[in-house]
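Please examine the sequence and the structure shown below.

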Amino acid sequence: MGAWVKGGATDAGTAIEAAASLLAAARAPVVAGLSADLAAVRAAFHLAAASGASLDTSGAAGTYAELGALSRTGAMTTTPAEAVGRADLVLVVGQAPWQNPLLERLAAAGPSRGRAAGAARGLVALGGPSGAAADAYAADPGGLAVSLAHLRAFAKGHLAGDAPYADLARRLYAAQFGVALYDPAEIGEMGVEMLQGLVKEIDETTRFFALAVSGAAGQDRAVVQLSAWTTGQAPRVGFGRGLPEHDPWRFDAARQAAAGESDAALWLSALPSPRPDWLDIVPTIALVGAGSPEAAAGTAEIVIAVGVPGESADGVLWNEGRAALTYHAAASAGAGAPSAAEVLGRIRDRLTEQKGA
């Protein structure tokens with residue numbers, strides 16, 4: 001397998017030994033990214049428990065925007081399949097959803113099930129990109145969260161007049177099965193809360209739902225589920241005191257690095273995920289998909305190339321189209337890079353041996 005330590009190519013055993021030594025010597029390590037298959041994420045949690053590390057995900061901004069609003073006000077959601085099959089009106093909030101394949105499916109045909117079957121499907125955009133193939137409503141200068149608050153006020157009757165948002169509100173109430181698409185990271189926690197409030201108020205007279213889509217690579221939805229059944233907490237947890245402690249602010253990996261609190265990091269990115277700038281601040285171990293641009297010397301102090309789930313390795317991944325965990329077999333057969341779960345397990349075993357010595 002491809003492995004590098006301080007820029008020099010080496011064998012797997014040497015790289016794993018160096019990774020274990022770096023984590024063993026650290027007082028406040030971080031395991032981050034978690035863009036990988038379910039077995040690798042589980043192994044990352046076990047390694048964090050063994051090393052006293054905290055965990056954070058590549059898509060934490062969107063994850064916690066959703067979780068924060070959910071914990072306070074709840075949510076009214078649907079699935080991609082239901083949206084494609086039943087929605088006669090789709091409200092696209094912001095620019096990020098236009099990059100998601102789901103929107104192409106929604107634009108290609110009308111609803112085929114339910115009361116709206118056979119009707120034309122309307123697309124309306126709130127703050128979308130210029131040239132979007134939908135009826136467009138400009139965002140408020142204050143941003144999407146403020147736009148949603150104003151739209152909610154018109155929909156509820158707290159604001160009145162001939163403003164564009166009044167017209168949009170009337171269209172939302174006229175839907176038989178409406179769906180609002182949004183990216184939580186783009187609209188933020190307050191935007192999610194405003195949107196969910198709008199959806200639930202419209203639901204008093206018709207059927208309307210919210211559907212979060214992600215514009216970024218990652219496996220955060222899978223990580224949220226695994227973290228819940230592993231620790232009883234959301235993903236930002238720390239094992240520094242031997243038990244999982246949840247704190248979204250304290251275990252924000254970028255904040256820890258900027259504050260000088262973390263002194264080592266393991267970045268797990270078997271699937272493509274944008275490399276954050278904060279990794280340059282702390283000594284880093286990078287487990288990256290074999291063949292990716294990051295799988296080379298110089299991107300971290302220790303780099304180990306691992307199999308890519310669904311391509312060169314088997315794995316269970318979050319399937320956004322089905323809104324479920326699904327198994328993905330390797331597309332290519334034959335020996336290749338080891339799985340991320342295997343490498344993480346070997347690092348954990350060696351770390352435990354070093355601490356016990």
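## A pair of strands

Leu89 stands opposite Gly178 in strand 8. Strand 5 (residues 89–93) and strand 8 (residues 177–182) pair in the parallel sense over 4 bridges. Strands are DSSP runs of E with at least two residues, helices are runs of H or I with at least four, and both are numbered from the N terminus; two strands pair if DSSP finds at least two bridges between them.

This is a predicted model, in which local features need pLDDT of at least 70, side-chain atom pairs count only at pLDDT 80 or more, and totals for chains, interfaces and linings use all residues. Residues are numbered from 1 along each chain as its sequence is written, and side-chain values use heavy atoms, with hydrogens and water left out.

## The sheet and its helices

An open sheet is formed by 5 strands in the order 7-6-5-8-9, with parallel pairing. Its edge strands, strand 7 (135–137) and strand 9 (207–212), each pair on one side only. From one strand to the next, the twist averages 20°.

Helix 6 (residues 144–156) packs on the sheet and touches strand 5 and strand 6 (122–126). The direction of helix 6 makes about 120° with that of strand 6 (axes are lines fitted to C-alpha atoms, for helices over the stretch in contact, and angles run from 0 to 180 degrees between N-to-C directions).

Ser54 lies in strand 4 (residues 54–55). Ser54 counts as buried because its relative accessibility is 4% (buried means under 20% relative accessible area, with a 1.4 Å probe and protein chains only).

Note on methods
Buried means under 20% relative accessible area, exposed over 50%, partly exposed in between (1.4 Å probe, protein chains only). Contact means heavy atoms within 4.5 Å.
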